[in-house]
Amino acid sequence: MMPYIIEVIKIIDEYDVTFAVKEWLILNGWNVIAFNPPGAQGTFTIPNPKKAAGYRGQTGSLSPDLIAVKGSKYLIVIESKPTFDKSDTEKMMTLFKDRERIRLFLDIVNKVSKANNVPFDESRCILILAKAHGGELDLQKDLETFHVAVKPEWNPETIEASINPIDYMQVNYYPSSKEIEKIVRN
Amino acid sequence: MSFWVVSHLPIMFIIWHDSDFDFALWIYENSSLSKEREETILRQMPKGNTPDSLERSLKNHSDSQILPLIKYEHPDIIIQHINEKTGESKIIFATEFMTHTPQWQHPAQRFSRIYSSSQLKIPVALVLPRSKSKFEKRRFGEYRETKYVCSPVIYSLFITTSLINQCPTLLFHWPDVDGYLVTDAKHPTAPAKKQDIIEWFTFLELAISSNCSLSNAFIQNWITKLKTNAATVSLSNYDTIKGVFETRNIISKYNLDVNKLSKSFIINDKTLIFEPTGLSPPTSYFRTDPYAGMLCAFDNLFCRDAKGRKIMNILLRAKNVELSKLSELGTFIDIHAHSVNNCPFSDLSASQKLKVDEIASHLNSGSCPYTSSKQQRIYGEVADVIVFDDAIYYRGDKNN
């Protein structure tokens, strides 16, 4: 008879995944121009080109969890989830195949970058799509993957302000190719 | 029943946040809190006002001090100071940040997160864009940039609220370039520390040093600055307000039970009728946003005298909404057994005066309106009366 093995798994939430990858991006030379974790102020919304003219609501709009710019031409968009969610990443891939949506997105990135003094040349832009998650690792060949884990003692509900939360988190980056890895890593 | 663990507390500041701890870190790192010898803790506010949610988040007796500030809605940040030597626990500051377009509806919607802090005389601020650009689809399908600017009425609302509550209730602008927000590079959900945000930190420091009265020179100057943007506010500008009527006529028209009305309702000659047309859209049986915040704003703008006393009643006419259905859905609970005098949400002294077990028992009583839905917490307790299609609902706290 197999013995019972009790594995203690610290469940990570979407906020922590997004926060950890945001910190990783900053450490690796990216300028984060949008950080939209659950429960936080959304500062970046891409309108839905399919919506009716005159409609002022946000239905169908897209707020990626992280958007960052590096070296004035590289642009990374990251969707976070506590665990890998295939339908979510498929949705992101589909949205970024929509030319009109990409046009709008780049217009907004351009304006936000300018306001925040981040160099960005949209005519040379290279878009990198990525996913970030905790739980079981799942690699996809056409997407960058960030895998996040937290130490068992991490408790986001009560934090001593003097500590650095990233010390309680681990981010592993799994590149889709060596060429992209050179861009994404510092 | 033991609800909370009463623990030995060190001297500390607590930055209560609404789940965005990176934002709370931005406050800590950019303020004197990171230079104080006292420890600062970042705590997540309860996710909601249900007894379960409160029980999960509140660990110590002093935690219950935040209850009066969250009774209507939660602000983004509440700062509390706890002194081990004196045992004194004090809420010192509250603030809300908003990144949406700043025309009247959006800041008005958030006013329910400011309203109670100011009434409790806790210095409070709203940070919002002065202008914000959005790409919007036009008639022929093309996208154009539209820039929205902050409504002058919002400045008037904050000035009036500061004066009637004798509490600094200030407005600051999130820095922008051509309507695009400038954010902090390290903590991107927070604004860059420039322009008004430097002044917001001055305001916070005054609160930390307990020097934050309305007579303070900085606060006086800031209010003077807000006045340059403010507009005269008139009832007739709002299509959500049906009008102001003689109270006696209102009592008779809606057949109100005078025994269930507060004394002040009967004394006040006039009653304002708030009657938004969008209260029951297909997506929600009894919609709150933006009307719940507007109700709080109208209360301060039109219904109180210079000392904050209620001089005009507010009646909410909820067309196409039935109280019986709200009770069935659990949106409204029966509050007849609610004990206002023992309610930890009522004011800051009540939560301190009550013992842990008394607070726990109150929250679990099933009759406290502040543990109910946002509709009952705000519409039910800020309006004096709600006239539904099938019944009349009378506010529980007759002293407000």
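Three bridges link β6(A) with strand β2 (residues 39-44) of chain B, and the two run antiparallel. Helices (H or I, at least four residues) and strands (E, at least two) are DSSP runs, numbered from the N terminus; two strands pair if DSSP finds at least two bridges between them. A word on the source: this is a predicted model, where local features need pLDDT of at least 70, side-chain atom pairs count only at pLDDT 80 or more, and totals for chains, interfaces and linings use all residues. Residues are numbered from 1 along each chain as its sequence is written, while chains are lettered from A and ligands numbered from 1 in the order in which they are written.

### Exercise 1: the side of chain A that touches chain B

**Task.** How many residues does each chain bring to the contact, and which elements of chain A supply them?

*Step 1.* Count both sides: 30 residues come from chain A and 34 residues from chain B.

*Step 2.* On chain A, at least two residues each are supplied by α1 (14-27), β1 (31-35), α3 (99-115) and β6. The largest share, seven residues, belongs to α3(A).

*Step 3.* Sort the chain A residues by type: 16 are nonpolar, eight polar and six charged. Ala, Val, Leu, Ile, Met, Phe, Trp, Tyr, Cys and Pro count as nonpolar, Asp, Glu, Lys and Arg as charged, and the others, Gly among them, as polar.

*Step 4.* Take a look at β1(A): five of its five residues are buried. A residue is buried if 20 or more other C-beta atoms lie within 10 Å of its own, exposed if 12 or fewer, and partly exposed in between, with C-beta atoms placed from the backbone. β1(A) pairs with β2 (residues 66-70) of chain A in the antiparallel sense over four bridges, with A:Phe35 opposite A:Leu66.

### Exercise 2: a covered helix

**Task.** Why is helix α1 (residues 21-30) of chain B described as largely enclosed, and what does it pack against?

*Step 1.* Eight of its 10 residues are buried, so α1(B) is largely enclosed by the rest of the structure. Among them are B:Phe21, B:Phe23 and B:Trp26.

*Step 2.* The buried residues pack against α1 and β6 of chain A, plus β1 (12-17), β2 and β3 of chain B.

### Exercise 3: α5(B) and its helix partners

**Task.** Describe how helix α5 (residues 152-165) of chain B packs with α10(B) and with α7(B).

*Step 1.* Recall the convention: two packed helices are described by the angle between their axes and the distance between the axes.

*Step 2.* With α10 (residues 291-302) of chain B, the axes come within 9 Å and cross at roughly 65°. Residues making this contact include B:Leu157 and B:Ile164 of α5(B) and B:Leu301 of α10(B). The contact has four nonpolar residues, three polar and no charged.

*Step 3.* With α7 (residues 217-227) of chain B, the angle is about 145° and the axes are 9 Å apart. B:Phe158 of α5(B) and B:Lys227 of α7(B) are among the residues involved. This contact divides into five nonpolar, one polar and one charged.

Definitions and conventions: Two residues are in contact if their C-beta atoms, placed from the backbone, lie within 7 Å. Axes are lines fitted to C-alpha atoms, for helices over the stretch in contact, and angles run from 0 to 180 degrees between N-to-C directions.
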